[in-house]
Amino acid sequence: MVDFTKYQGAGNDYLFIDARERQEDWPTLAKAMSERHFGVGADGIILATPSAKAPIRMRIFNADGSEGEMCGNGIRCFAK
C-alpha cells in the first residue's frame, strides 16, 4: 500500500508520495495510479526523496511513466 495526497494546481492534478524511506518501481506505479479509469487518476506522481544538497528533492513521473525534468504546476503544489 502506498500513502499519497492528491493536489491540483492550475488544472493539473498530481499524486504526492513521501518516498524518503521507500523504493518502488516508480515508472510502473505512476502509470497504474495515474490511470483515470482504473486508478486514482492524475497527470502523474511527484515524489519527496532524499537529497545530498537540500533538505528534500522532488522527482516527477508523468502518467506515461516517463520521468519529467520540471513541472511548474507540480512544484507549486510541492511547495505547499
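Let's start at one residue: setting aside neighbours within four places in sequence, Thr49 is in contact (heavy atoms within 4.5 Å) with Ala19, Arg20, Ile56, Arg57 and Arg59. This is a predicted model, where local features need pLDDT of at least 70 and side-chain atom pairs count only at pLDDT 80 or more, while totals for chains, interfaces and linings use all residues. Residues are numbered from 1 along each chain as its sequence is written, and side-chain values use heavy atoms, with hydrogens and water left out.

**Thr49 and its setting**

- Thr49 is found in strand β3; strands here are DSSP runs of E with at least two residues, helices are runs of H or I with at least four, and both are numbered from the N terminus.
- Is Thr49 buried or exposed? Its relative accessibility is 7%, so Thr49 counts as buried (buried is under 20% relative accessible area, exposed is over 50%, and partly exposed is in between, using a 1.4 Å probe and protein chains only).

**The sheet and a helix across it**

- The order β1-β2-β3-β4-β5 describes an open sheet of 5 strands with mixed pairing; two strands pair if DSSP finds at least two bridges between them.
- β1 (5-9) and β5 (67-68) stand at the edges with a single partner strand each, so one side of each has no neighbour in the sheet.
- As background, strands of a sheet pair through backbone hydrogen bonds, and they can do this parallel or antiparallel.
- Strand β4 (residues 57-62) and β5 run antiparallel, joined by 2 bridges.
- Look for Ile60, which stands opposite Gly68 in β5.
- Helix α2 (residues 72-79) lies across β1, β2 (12-18), β3 (44-49) and β4, and runs at about 50° to β2; the axes are lines fitted to C-alpha atoms, for helices over the stretch in contact, with angles from 0 to 180 degrees between N-to-C directions.

**Salt bridges**

- How many salt bridges are there? The count comes to 6, where a salt bridge is a side-chain nitrogen of Lys or Arg within 4 Å of a carboxyl oxygen of Asp or Glu.
- Arg22 and Glu24 make one of them, with their closest N and O atoms 2.7 Å apart; Arg22 is partly exposed at 27%, and Glu24 is partly exposed at 35%.
- Arg59, one of the contacts of Thr49, meets Glu67 in a salt bridge of 2.9 Å, N to O. Arg59 is partly exposed at 22%, and Glu67 is partly exposed too, at 40%.
- There is also a network: salt bridges that share partners join Lys6, Asp13, Arg36 and Asp43.

**Aromatic rings**

- The whole structure holds 2 aromatic pairs (rings of Phe, Tyr and Trp, with its six-membered ring, pair if their centres lie within 6.5 Å; planes under 30 degrees apart count as stacked, over 60 as edge-to-face and the rest as tilted).
- The rings of Tyr7 and Phe16 have centres 5.3 Å apart and planes at 85°, so this pair is edge-to-face.
- Tyr7 is partly exposed, at 33% relative accessibility, whereas Phe16 is buried, at 11%.
- Ring pairs link Tyr7, Phe16 and Phe78 into a cluster.
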